[in-house]
Amino acid sequence: METKRTLGRDGIEVSALGFGCWAIGGEWQSVDGQPLGWGKVDDEESVRAVRRALDLGVTFFDTADTYGAGHSERVLGRALGKRRADVVVATKWGNVFDEETRTLTGADDTPEYARRALTASLKRLDTDHIDLYQLHLSDADPERAAELRDLCEEFVREGLIRAYAWSTDDPARAAVFARGEHCAAVQHMANVLQDAPEMFALCAELGLGSINRSPLAMGLLTGRRRSGEALEAGDIRNRPPEWLKGFADGSGADPDWVGRVDALKEVLGSEGRTLGQGALAWLWARSPHAVPIPGFRSVAQAEQNAGALEKGPLTAEQLAEVDRILGR
Ligand SMILES: NC(=O)c1ccc[n+]([C@@H]2O[C@H](COP(=O)([O-])OP(=O)(O)OC[C@H]3O[C@@H](n4cnc5c(N)ncnc54)[C@H](OP(=O)(O)O)[C@@H]3O)[C@@H](O)[C@H]2O)c1
């Protein structure tokens with residue numbers, strides 16, 4: 001498979017696989033104590049994992065200012081070090097947080113806040129520009145978003161960012177951002193259990209990169225998470241908010257979801273792939289614009305996920321087989 005993808009009309013080249021840096025931010029929470037991280041992390045292991053990914057050809061990293069309340073950006077910046085120039089860094093803004101207490105305190109969709117957030121992200125990432133700046137407020141008001149899109153064009157002119165995107169699951173909202181000249185992508189949920197046909201169609205029509213968040217269904221698609229097995233107390237999957245599907249409060253993976261993953265084992269495991277590699281291969285087969293960004297917390301996970309690249313996409317027959325198994 002061609003292991004590179006181009007994001008948008010400006011020709012920003014990335015590896016077909018990006019690395020999602022939410023989990024490596026470590027623990028943080030909402031004001032009422034809802035965990036928003038993935039439990040404890042070892043920063044040294046995160047740094048080693050990022051560097052291993054670089055060695056294996058990964059050139060795209062997705063984070064957000066709010067992951068770990070600034071911590072993910074700092075760890076990523078440190079891990080990249082002098083190799084910053086070799087990679088494409090994406091981050092996000094819109095959520096407000098307190099770095100000291102590692103707490104999400106609200107959201108802010110004003111242009112003034114966007115500029116402050118950008119300045120802070122540049123500092124934490126220890127860089128002079130962001131390659132892809134993404135609006136993190138998935139349901140933001142489209143009229144306000146149009147203003148923020150125009151502000152992003154200003155950021156491009158000032159050399160502070162190269163391109164921008166909206167992280168949203170609503171194609172109509174994604175289209176609002178896409179009217180901007182330097183809008184290069186949309187970040188949206190997509191995995192073999194949660195297809196996104198309208199978003200894939202929009203990306204094809206408008207020539208946008210399709211950055212796929214939760215490509216492993218938050219770990220379910222690796223087969224490691226079973227039902228009846230609680231996760232760590234500080235893990236968002238242990239106390240899933242309404243939007244987080246596939247996990248039950250305090251009792252691990254939802255049995256229905258585990259059943260569907262088990263049913264896909266053979267087809268996703270073709271050509272010696274691990275289940276997770278098969279899930280990434282499904283996305284590459286699903287759309288030529290797809291750039292999955294699986295999360296990771298260890299060198300072993302980094303190696304396994306990066307290893308999916310050389311195995312390439314599933315075949316058209318295997319795609320059809322997946323649909324048949326899932327009754328789609
Ligand atoms: N609104 C937004 O913009 C938004 C929302 C969600 C995510 N994202 C982005 O998308 C990225 C990925 O999505 P996600 O974090 O939701 O989840 P994901 O990529 O679907 O799942 C990642 C999790 O799967 C497990 N895993 C990964 N590789 C593995 C391997 N080789 N073997 C076994 N388990 C493995 C790890 O969890 P365990 O080992 O702990 O099970 C890992 O944290 C995030 O990091 C973030 O950058 C953005």
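S4 and strand S8 (residues 103-107) run parallel and are joined by two bridges. Two strands pair if DSSP finds at least two bridges between them.

Zooming out, we get an open sheet of three strands in the order S4-S8-S7, with mixed pairing. Strand S4 (29-30) and strand S7 (95-98) are at the edges with a single partner strand each, so one side of each has no neighbour in the sheet.

## What kind of model this is

This is a predicted model, in which local features need pLDDT of at least 70 and side-chain atom pairs count only at pLDDT 80 or more, while totals for chains, interfaces and linings use all residues. Residues are numbered from 1 along each chain as its sequence is written.

The average pLDDT (the predictor's confidence in each residue, from 0 to 100) is 97 for the chain, and 100% of the residues score at least 70.

## Around the ligand

The ligand has 30 residues around it, and the closest are Gly20, Trp22, Leu216, Gly219 and Gly295. To be near it, a residue needs its C-beta atom, placed from the backbone, within 6 Å. Helix H9 (residues 299-306) supplies the largest share of this shell, three residues.

By type, the shell splits into eleven nonpolar, 13 polar and six charged residues. Nonpolar here covers Ala, Val, Leu, Ile, Met, Phe, Trp, Tyr, Cys and Pro; charged covers Asp, Glu, Lys and Arg; the others, Gly among them, are polar.

The largest nonpolar core has 97 residues, and Leu132, Ala165, Ala184 and Val186 have the most contacts inside it. Such a core is a set of buried Ala, Val, Leu, Ile, Met, Phe, Trp, Tyr and Cys residues joined through C-beta atoms within 7 Å. Buried means 20 or more other C-beta atoms within 10 Å of a residue's own, exposed means 12 or fewer, and partly exposed is in between, with C-beta atoms placed from the backbone. Skipping residues up to four places away in sequence, Ala184 touches Leu7, Gly8, Asp10, Ile12, Leu132, Ala163, Ala165, Leu208 and Gly209. Contact means C-beta atoms, placed from the backbone, within 7 Å.

Strand S12 (residues 209-213) is mostly covered, with five of its five residues buried. Gly209, Ile211 and Arg213 point one way, Ser210 and Asn212 the other. S12 pairs with strand S11 (residues 183-189) in the parallel sense over five bridges, and Ala185 stands opposite Gly209.

Ser46 belongs to helix H1 (residues 43-55) and counts as buried because it has 26 C-beta neighbours inside 10 Å. Beyond its neighbours within four places in sequence, Ser46 contacts Ile24, Val41, Val75, Ala79 and Arg297.

Arg102 is in the loop between S7 and S8, and Asp126 lies in the loop between helix H3 (111-125) and strand S9 (130-135). Arg102 is partly exposed, with 18 other C-beta atoms within 10 Å; Asp126 is partly exposed too, with 14.

How values were computed:
Helix = DSSP H or I, 4+ residues; strand = E, 2+ residues; numbered from the N terminus. Contact = placed C-beta atoms within 7 Å.
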